[in-house]
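Reader: I'd like to learn how to read annotated sites and nonpolar cores in a protein model. Could you walk me through it?

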Amino acid sequence: MRIAIQGKPFEADMAPHLQQLFDELAARQAVIAVAETFREYLQHLRLPEGISTFRRGDSLRGTDFVLSIGGDGTLLDTVTYVGKHEIPILGINTGRLGFLSTVPPDRIPQAIDALFRGHFTLERRSLIHADTDPDVFGGLDFGLNEFSILKRDSSSMIVVHTYIDGEYLNSYWADGLVVSTPTGSTGYSLSCGGPVMLPQTNNFIIAPVCPHNLNVRPLIVPDHSIISFEIEGRSNNFLLSLDSRSVTVDAGVQIAVRREKFDATLVKLNHVNFLSTLRSKLNWGLDRRNPAGLSM
């Protein structure tokens, strides 16, 4: 089995768990490749011989699984390494919340065993694609969570004129606008008052950030729509963001978003699903009047 590993810096107390990860893979004679940026953080571990490295943009064709070591932000970054190859990604959580990276460090041996035994399911997650002219994302023009248009720093509010399939929707007077995928519905969009959507839902959420009109609310639109924007404000510069990648642009840039042609594929172990994650991570059902919620 061919395993690629991408990760971020980790605390010292995580080192024994990562050592166990490499020991488990070596015991199963896995062919291991590690992201070049992650390899430098593994210098104090005993790594198996023959490990190769890869960079973003290198083809991972032929890889069976990609392990994401970190939090949810690391998994979002890992999606950009996989791209159109749709290689299954398993998130091992060494961060905080771990909504997408669901495997805790102390469950690494069981998770690796499940991969080799086939005791898992695969979830396809839709991605959002940003078309900009000029191109501002350097080819990394897709994201798993959301696309955002935001004002810069402490500048005054902006106006985002929004169109769906060429038809005028609304002019949002706000600090910004978020277009979220179903996966991103539990992220930035949620903090803007957007709804939670099941991962298989074929929709986008358009959610204003701190709107200056209180009657403006998030809107759900089908993800076969093309959503385009025109921006204006007192400042000539704004921020565009795809997940955690942000760039500064001027008001003349042309912007539209649509569903990406390919998906991200996430590995879900048999004891984990979206509904159980809602209960455990967002404390849904945590109420003295709901004994079932307290026990789950």
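Author: Happy to; we will take the annotated sites and then the cores of this predicted model.

Reader: Which residue does the UniProt annotation "active site" cover?

Author: An annotation comes from a record, and may be inferred rather than shown by experiment. Here the unreviewed UniProt entry covers Asp72, which is found in helix H3, residues 72-82.

Reader: Is Asp72 buried or exposed?

Author: Buried means under 20% relative accessible area. Asp72 is at 18%, so Asp72 counts as buried. Leaving aside neighbours within four places in sequence, Asp72 is in contact with Gly98, Phe99, Leu100 and Ser101.

Reader: Where does UniProt place the feature "binding site"?

Author: The unreviewed entry lists several residues, including Asp72, Asn145, Thr186 and Leu190. The listed residues do not all gather at one spot, because the farthest two C-alpha atoms are 24.7 Å apart. Among them, Asp72, Gly73, Asn145, Thr186 and Gly187 are included in the lining of the largest pocket.

Reader: How do Thr186 and Leu190 read, buried or partly exposed?

Author: Thr186 has 16% relative accessibility and so counts as buried, whereas Leu190, at 31%, counts as partly exposed. Leu190 lies in helix H5, and Thr186 is in the loop between strand E12 and helix H5.

Reader: Which residues of the largest nonpolar core touch the most other members?

Author: In soluble globular proteins, nonpolar side chains tend to be buried together. In this core of 46 residues, the answer is Ile5, Leu21, Leu25 and Leu67. Another core, of 25 residues, lies apart and includes Phe238.

Key:
Residues numbered from 1 in each chain as written. Predicted model: local features only at pLDDT ≥ 70, side-chain atom pairs only at ≥ 80, totals over all residues. Heavy atoms only, no water. Helix = DSSP H or I, 4+ residues; strand = E, 2+ residues; numbered from the N terminus. Buried < 20%, exposed > 50% of the residue type's maximum accessible area, 1.4 Å probe, protein only. Contact = heavy atoms within 4.5 Å. Core = buried A, V, L, I, M, F, W, Y, C linked by side-chain atoms within 4.5 Å. 1 Å grid on protein atoms, 1.4 Å probe; cavity = no way out; pocket = protein on both sides within 12 Å on 5 of 7 lines; lining within 4 Å.
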